[in-house]
Amino acid sequence: MYFFTYETDLPEGVGFSHFGSVHLLWLAVIVLCIVLLSVFYMKKSKRGRRGLSKALAWTMCGILAAEHVVLLITGHQTIYQIPLHLCTLMPVVCLIFAYTRWDWAGQTIYSLGIVGAALALLFPDWNMYPQWNYMNLTGFSIHTGLILFGVWQLLDGAVKPRMKAMWKPVAFLMVVVPPIYLIDRWLGTNYFFLMEGSLGSPLQLLQERLGIWYIPAYAALALAVITIEYLPWRGKR
C-alpha cells in the first residue's frame with residue numbers, strides 16, 4: 001500500500017521501532033543470510049568467488065541507482081538524497097576493489113564499510129518506513145550487502161588487515177569528510193551525520209551530551225573504533 005510512498009507522505013505509526021520485534025527479525029534473517037551465503041561463497045573456486053564479489057558490488061550499485069530513479073519519478077529527489085553518506089559511497093569502493101584489489105579500498109571496506117553498515121542496521125534511520133517500502137528494502141539490502149562483501153573478502157584472503165595499513169582508511173576519511181562537511185554547511189544537509197546524530201543512535205547521545213564538541217568527539221570515536229578493529233591484527237602477517 002505504501003511501497004512507493006516517501007517519508008513526508010507517510011501516516012504516523014507505519015514504521016518500526018529500534019530493536020522491536022520487526023527489527024530483531026530483520027537482524028536475525030540478515031545474520032542467517034550472511035552465514036549461508038558465506039558458506040556458499042567459500043565453496044566456489046577462486047575465479048568463482050571473484051565473480052560473485054563483482055556481482056555483489058554491481059548489485060549494490062544497481063539497487064542504489066534504482067532508488068534514485070524512483071525518487072526522480074516520484075518527485076522526491078532532493079539535495080537530501082544525494083549519495084554522500086558513508087554507506088552510499090562504499091558500494092563504489094567495493095566495485096573498485098572487486099576489479100582492482102587495491103589495498104586502500106580493501107582496508108577501507110574492512111575498517112569503515114563493515115562496521116558502518118553494521119551500526120546502520122542496528123540503528124536504522126529509515127525506520128519511519130513500513131516493511132514493504134522500497135526505501136526500507138533498499139536500506140536493509142545495501143547495508144547487508146556491504147557486510148557480506150567485506151566478510152567475503154576477509155574469508156577469501158583478498159583483504160588482509162594490517163596495523164601498518166590503518167592510515168589508509170584514516171586518509172580516506174581525511175580526504176572525503178572535509179568537503180562533505182562543507183556541503184552539509186552549504187546545503188543544510190546531514191551527510192556522514194556531521195551536523196547531528198541519527199535519531200536513536202549513539203551519535204545522537206554523543207551530540208546531546210557534548211554539543212559544540214560533537215564533531216571532535218565524533219572524529220575521536222571514529223579513530224578509536226578503527227584502532228580497535230586493527231588491534232587483533234597487530235604483529236600478524
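Q: Let's start with Arg-49: buried or exposed?
A: Arg-49 is buried, at a relative accessible area of 12%. Buried means under 20%, exposed over 50%, and partly exposed in between, with a 1.4 Å probe and protein chains only. One caution: this is a predicted model, where local features need pLDDT of at least 70, side-chain atom pairs count only at pLDDT 80 or more, and totals for chains, interfaces and linings use all residues. Residues are numbered from 1 along each chain as its sequence is written, and side-chain values use heavy atoms, without hydrogens and water.

Q: What does Arg-49 form a salt bridge with?
A: With Asp-156; their closest N and O atoms are 2.7 Å apart. A salt bridge here is a side-chain nitrogen of Lys or Arg within 4 Å of a carboxyl oxygen of Asp or Glu. Arg-49 sits in helix α2 and Asp-156 in helix α5, 107 residues apart. Helices are DSSP runs (H or I, at least four residues; strands are E, at least two), numbered from the N terminus. Asp-156 is buried too, at 9%.

Q: How many salt bridges does the structure hold?
A: It holds 4. One of them joins Lys-168 to Asp-103, with the closest N and O atoms 2.6 Å apart. Lys-168 is in helix α6 and Asp-103 in helix α4, so this pair ties together parts 65 residues apart in sequence. Asp-103 also forms a salt bridge with Arg-162, at 2.9 Å.

Q: Which residues are joined into one network by shared partners?
A: Lys-46, Arg-49 and Asp-156.

Q: New topic. Which residues have the most contacts inside the largest nonpolar core?
A: Leu-146 and Phe-149, in a core of 57 residues. Such a core is a set of buried Ala, Val, Leu, Ile, Met, Phe, Trp, Tyr and Cys residues joined through side-chain atoms within 4.5 Å. Helix α5 gives the largest share, 9 residues.

Q: And what does Met-90 touch?
A: Beyond residues up to four places away in sequence, Met-90 touches Thr-108, Ile-109, Gly-113 and Leu-146. Contact means heavy atoms within 4.5 Å. Met-90 lies in helix α3 and is buried, at 0%.
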